[in-house]
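User: I would like to learn how to read the features of a model like this one. Please take them one at a time.

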Amino acid sequence: MSEKKMTGPITHRIAVWYGFIFAAIFLLYGGVKIILGFLDRNYADMVTPILFLVLGLILIAVAFAYKEQKAWGWYGLIVVNCLVVITAAAGIRHYENIILLIISGVVLYSLFAPATKQYLGR
């Protein structure tokens, strides 16, 4: 079996894996909330988990597009990380938001790093 390894600079790989992990969190949260809603027979509050599931699918598509070096994937990750930074900065009093702010800031740096931009041809 041939194993396809990810190539490119480390900054590109950091952004790709962060995109996949961030999308997986939304998918898991939405999926688990939907399953628990069915098990608890609580069908009234299903809109929010379905929105999280759809958002997770969109984020997975953006992460795959970025991995495949598509321009809209790069712009999509920039927009997502900027929104995360802005939302985390609004709730700076909580340590979870500080951690999320730092991680998203590092990913934003890696998206704009010269090695990443050169690899993507930007």
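Predicted model: local features only at pLDDT ≥ 70, side-chain atom pairs only at ≥ 80, totals over all residues.

User: How many helices and strands does the protein chain have?

Analyst: Helices (H or I, at least four residues) and strands (E, at least two) are DSSP runs, numbered from the N terminus. The protein chain has five helices and zero strands, in the order α-α-α-α-α. Its C-alpha atoms fill a box of roughly 50 × 45 × 25 Å along the principal axes.

User: Which residues of α3 are buried?

Analyst: Buried means under 20% relative accessible area, exposed over 50%, and partly exposed in between (1.4 Å probe, protein chains only). Of the 122 residues of the chain, 33% count as buried. In α3 the buried residues are Gly-73, Trp-74, Gly-76, Leu-77, Ile-78, Val-80, Asn-81, Val-84 and Ala-88. What covers them includes α1, α2, α4 and α5 (114-120).

User: Which residues have the most contacts inside the largest nonpolar core?

Analyst: In soluble globular proteins, nonpolar side chains tend to be buried together. A nonpolar core is a set of buried Ala, Val, Leu, Ile, Met, Phe, Trp, Tyr and Cys residues joined through side-chain atoms within 4.5 Å. The largest one here has 20 residues, and Phe-22, Leu-59, Tyr-66, Trp-74 and Leu-111 have the most contacts inside it. At least two residues of this core come from each of α1, α2 (47-67), α3 and α4 (95-112), and α1 gives the most, with seven. Take Leu-111 and count a contact as heavy atoms within 4.5 Å. Leaving aside neighbours within four places in sequence, Leu-111 touches Ala-15, Tyr-66, Trp-74, Leu-77, Ile-78, Asn-81, Thr-116 and Lys-117.

User: Which residues line the largest cavity?

Analyst: Rolling a probe the size of a water molecule over the atoms shows where empty space is left. On a 1 Å grid over the protein atoms alone, a cavity is a set of points where a 1.4 Å probe fits but cannot get out, and lining residues have an atom within 4 Å of a point. Grid points are joined across faces, edges and corners, and a volume is the space filled by probe spheres set on the points. The count comes to one cavity of 30 Å³ or more, and the largest holds about 40 Å³. Its lining is Tyr-18, Gly-19, Phe-22, Leu-59, Leu-77, Val-80 and Asn-81.

User: Is Ile-50 buried or partly exposed?

Analyst: Ile-50, in helix α2, is partly exposed, with a relative accessible area of 43%. The C-alpha atoms of Ile-50 and Tyr-29, 21 residues apart along the chain, are separated by 9.7 Å.

Terms used: Residues numbered from 1 in each chain as written. Heavy atoms only, no water. 1 Å grid on protein atoms, 1.4 Å probe; cavity = no way out; pocket = protein on both sides within 12 Å on 5 of 7 lines; lining within 4 Å.
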